[in-house]
Amino acid sequence: MNIEDLTPSERRLWEAFPKGELVDLSSGDPALDDPAQAGRWGHDRLIRAEVLVALLAGAVAPEPGHVAAVRLNGARVFGSLNLGHASVEVPLALTGCAFDEAPHLYWASMNSVHMMRCRLPGLVASGTRVDGHLWLEGSHISGGLWLDGANVTGILNMSGVQLTNPDADALLADRLTVEANVYCDQGFAATGEVRLPGARIGGQLIFRKARLHNPGGAALTASRLDVAANVFCDGGFTAEGEVRLRGARVGGYLSFVGARLVNRGRTALNCDDLGVENDVYCSDGFVAEGVVSFAGARVTGQLSLSEARLINPEGTALSLQRVQAEEVLLRPAEPIRGVADLSYARINLLRDAADTWAERLQLDGLQYETLDPPMSAKARLGWLRRDTDGYAPQPYERLAQTYRTLGLDADGRSVLLAKARDRRGTQGVFLKTVGWLQDGLVGYGYRPFRAASWLVALLVFGTIVFAGDRAPKKLNADDSPHFNPFFYTLDLILPIGTLGQEAVFAPKGVYQWIANFIVAAGLVLGLTVAAGVTRVLSRD
């Protein structure tokens, strides 16, 4: 490039470059210096992109003892800033600048790049390597920010960045690698899809107070994202469209505290197969209109839905299907509006509250060690009976086992009795009839002492029947005992031992049938009482 062809402003930049000095073309009027007003700027603030390219590509040597750099404020850059595949060894620092065309940095090797409070019609940095920080704080970028396959050895700062590319990719950062933190906070907003699938971040990913807008599509796609530390989508984070973290791995905490996710009738938050090494917080003002799914997720610590609002009345509002978690805190601010699916989840400690249970549940296959609070069997049975799939034996068995582990044997038996009764509703007429008899007589064996009352009734019945003239005759006239209807009936009832009545007296006709009935009934009822006593004494 011929230096004689440079404008005065470009010459200032050319001469400042070897020492890395700042060239400030701004007017000092904040309203006029807004890059959105670049159309009103005079020719003295114009810089050709080719001048920047020449400086960054090594047209001017650094001055000895100084660090050369392009440092420029308040300029309007026109033409194509194309550094594709270039090797740039000096920093690029632009503040408050406006670009007529999208810069192209694809597959370039750059030193640190700062484009702060700039306005760009796009930025293409696919495959770019930045040895240092990539700082885009406060910039407005329309037409898409492309960072797919890029590698940043320092911080990626997009705080306050405004991305606009409706119905397309606002941020395309597939397979992005950042060795430090990524900041998308402090007013970061995107209209269009924000894509981070397969990205790897060595520090924290911060979307605090960010606003993502892509209704009907994906607001954030971060499937297979790998973050070494924490992920913060909180502090007023909002997303219209689906937030996808399927298969992501988080080495610290995942926070959606106070976030609002809206994708009505569809998935609002997809965390299927997510892996988190600490806790997950969808709590304290978290609102989701649409499905929240953690199906197959693994959470080493606590998964908290405390004081959350989950709304999807026409379908599943919360899916914890196949979740593995140390603790699940399921105490939302109001009852979950929609189905809460906990089927085949494995949870060490499940904390919930009866007043916020979902109206519809799916519990088949759910495994837990402890319930907090355990509640009474009657209350917990109300929980089981909200299952939309109807009767399934496993939830009853799991609940009964939990009560027995806590030493609440009576509650455990109540649950198993309820299981038998609810199962009866799924059977045919014959089995239902048998079931009613078993229930009425002995409570399916879980109310054994009910059999004792039937024994007393049987004793009274036999005493009345065999009293008076209906007394059976002696088998041997030489036998001395006198007939006693009470002890005779008791002798019939007792399955073992004798009171000296049954062996001496023999009824005939219909009374023989009655005696046989008393013997059989006494045997069944006696064994039931014995089994009940044994169960109580063994606490099993």
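# A guided tour of the model

Start by selecting Asp 273. It counts as partly exposed, because its relative accessibility is 31%. Keep in mind that this is a predicted model.

**Stop 1**

Which group does Asp 273 meet in a salt bridge? It is the side chain of Arg 246, at 3.8 Å from N to O. Now look at where the two ends sit. Asp 273 is in the loop between β29 (260–270) and β30 (275–276). Arg 246 is in the loop between β26 (238–244) and β27 (249–250). The two are 27 residues apart, so the pair links distant parts of the chain. Arg 246 is partly exposed too, with a relative accessible area of 43%.

**Stop 2: a bridge between two strands**

Select Glu 289 and Arg 260. They form a salt bridge, and the closest N and O atoms are 2.5 Å apart. Glu 289 belongs to strand β32 (residues 287–293) and Arg 260 to strand β29, so parts 29 residues apart in sequence are tied together. Is Glu 289 buried or exposed? It is buried, at 11% relative accessible area. Arg 260, at 37%, is partly exposed.

**Stop 3: a network of charges**

Go to Arg 331 and Asp 372. Their side chains meet in a salt bridge, 3.4 Å from N to O. Arg 331 sits in the loop between β35 (324–330) and β36 (337–341), and Asp 372 in strand β39 (residues 367–372). The pair therefore ties together parts that lie 41 residues apart in sequence. Arg 331 is partly exposed at 27% relative accessibility. Asp 372 is partly exposed as well, with a relative accessible area of 23%.

With Arg 331 and Asp 372, they are linked in a network of salt bridges. How many salt bridges does the count come to? The count is 21.

**Stop 4: the nonpolar cores**

Select Phe 207, Phe 237, Phe 256, Phe 286 and Phe 294. They belong to the largest nonpolar core, which has 134 residues, and they touch the most other members. Next, colour helix α3 (residues 49–56). This helix gives the most to the core, with seven residues.

Zoom in on Phe 256. Beyond its neighbours within four places in sequence, its contacts include Cys 233, Asp 234, Phe 237, Val 243 and Leu 245. Leu 261, Leu 269, Tyr 281, Cys 282, Ser 283 and Phe 286 are also in contact with Phe 256.

Then find Leu 458, Phe 466, Leu 492 and Ile 514. They are among the members of a second, separate core of 12 residues.

**Stop 5: the cavities**

How many cavities of 30 Å³ or more does the structure hold? There are three. Select Leu 330, Trp 357, Ala 358, Leu 361 and Trp 383. Of the 13 residues that line this cavity, these are the closest to its centre. The lining has 11 nonpolar residues, one polar and one charged.

Move on to the second largest cavity, with about 60 Å³ of space. Select Leu 105, Leu 123, Ala 125, Thr 128, Val 130, Leu 134, Leu 147, Ala 150 and Val 152 to see its lining. Eight of the lining residues are nonpolar, one is polar and none is charged.

**Stop 6: helix α1**

Select residues 8–16, which form helix α1. Which residues of α1 are buried? They are Ser 9, Glu 10, Leu 13, Trp 14 and Ala 16. As background, an α-helix has 3.6 residues a turn, so residues three or four places apart point the same way. Now show β1 (22–24), β2 (46–48), α3 and β3 (70–73). The buried residues of α1 pack against these elements.

**Stop 7: Asn 278**

Asn 278 lies in the loop between β30 and β31 (280–281). It counts as partly exposed because its relative accessibility is 28%. Draw a line from Asn 278 to Gly 301. The two are 23 residues apart in sequence, yet their C-alpha atoms are 4.8 Å apart in space. Leaving out residues up to four places away, Asn 278 touches Gly 251, Gly 252, Tyr 253, Val 299, Thr 300, Gly 301 and Gln 302.

**Last stop: zoom out**

Show the whole chain. It has 10 helices and 41 strands. Of its 540 residues, 51% count as buried. Among contacts with a separation of 6 or more, 49% join residues 24 or more positions apart.

Technical notes: Residues are numbered from 1 along each chain as its sequence is written. This is a predicted model: local features need pLDDT of at least 70, side-chain atom pairs count only at pLDDT 80 or more; totals for chains, interfaces and linings use all residues. Side-chain values use heavy atoms; hydrogens and water are left out. A nonpolar core is a set of buried Ala, Val, Leu, Ile, Met, Phe, Trp, Tyr and Cys residues joined through side-chain atoms within 4.5 Å. Buried means under 20% relative accessible area, exposed over 50%, partly exposed in between (1.4 Å probe, protein chains only). Helices (H or I, at least four residues) and strands (E, at least two) are DSSP runs, numbered from the N terminus. Contact means heavy atoms within 4.5 Å. On a 1 Å grid over the protein atoms alone, a cavity is a set of points where a 1.4 Å probe fits but cannot get out, and a pocket is an open set with protein on both sides within 12 Å along at least five of seven lines; lining residues have an atom within 4 Å of a point. Grid points are joined across faces, edges and corners, and a volume is the space filled by probe spheres set on the points. Ala, Val, Leu, Ile, Met, Phe, Trp, Tyr, Cys and Pro count as nonpolar, Asp, Glu, Lys and Arg as charged, and the others, Gly among them, as polar. A salt bridge is a side-chain nitrogen of Lys or Arg within 4 Å of a carboxyl oxygen of Asp or Glu.
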